[in-house]
Amino acid sequence: MTAIPDTTDRVAEHTARSVNADIRREADESLRHFARHQEDIEDRLADLDREWDVERALEANAASIALVGLGLAATVDRRFLALPMVVAGFLLQHAVQGWCPPLPVLRRLGFRTEAEINEERVALKALRGDFDGLPSEPAARARRALDAARV
């Protein structure tokens with residue numbers, strides 16, 4: 001592992017193996033279900049579009065705590081400014097290292113990375129047949145693959 005981990009792998013690298021395994025198992029179970037019930041794939045893709053990834057949950061959590069701290073500092077006691085300072089430190093730590101104290105809690109709650117969500121999305125599109133029948137000519141093949149990935 002490098003001092004600053006890759007963006008795509010940093011959360012999984014700092015997540016307990018058992019939690020990563022649980023997240024993978026749930027995605028596998030979902031795909032097995034939709035392989036048998038392809039008529040429901042559209043609804044699942046819409047659900048994935050609305051799913052909050054762990055980064056978004058972390059950002060919303062941090063912003064909420066920072067705003068509460070600022071509000072309390074303005075109305076109760078300025079020592080509450082410690083809350084936004086701590087939260088800002090956590091966000092910086094997460095940006096640099098890929099880990100911060102709330103991360104294990106969010107992962108155990110089932111928040112996935114954007115890459116984990118996209119992996120399920122692409123697998124569902126493959127089940128739906130979006131990548132079938134790609135043309136043999138390279139430019140047309142690339143265009144059709146991109147179109148399927150963007151749907």
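At 47% relative accessibility, Arg32 counts as partly exposed, a class lying between buried (under 20% relative accessible area) and exposed (over 50%), as computed with a 1.4 Å probe on protein chains only. The model is predicted, so that local features need pLDDT of at least 70 and side-chain atom pairs count only at pLDDT 80 or more, whereas totals for chains, interfaces and linings use all residues. Residues are numbered from 1 along each chain as its sequence is written, and side-chain values use heavy atoms, with hydrogens and water left out.

Arg32 is placed in helix α2, helices being DSSP runs of H or I with at least four residues, numbered from the N terminus. Helix α2 (residues 17-36) packs with α7 at an angle of about 20 degrees, the axes lying 10 Å apart, where axes are lines fitted to C-alpha atoms over the stretch in contact and angles run from 0 to 180 degrees between N-to-C directions. This makes α2 roughly parallel to α7, a description that applies to angles under 35 degrees. The contact (heavy atoms within 4.5 Å) is made by residues including Ile23, Ala27 and Phe34 of α2 and Glu120 and Leu124 of α7.

Arg112 is found in the loop between α6 (102-108) and α7 (114-128), and with a relative accessible area of 7% Arg112 is buried. The side chains of Arg112 and Glu51 are joined by a polar contact of 2.8 Å, that is, a pair of N or O atoms within 3.5 Å of which, within protein, one must be able to donate a hydrogen and the other to accept it, with residues adjacent in sequence counting only if both atoms are side-chain atoms.

Key:
Helices (H or I, at least four residues) and strands (E, at least two) are DSSP runs, numbered from the N terminus. Angles under 35 degrees count as roughly parallel, over 145 as roughly antiparallel, 65 to 115 as roughly perpendicular and the rest as oblique.
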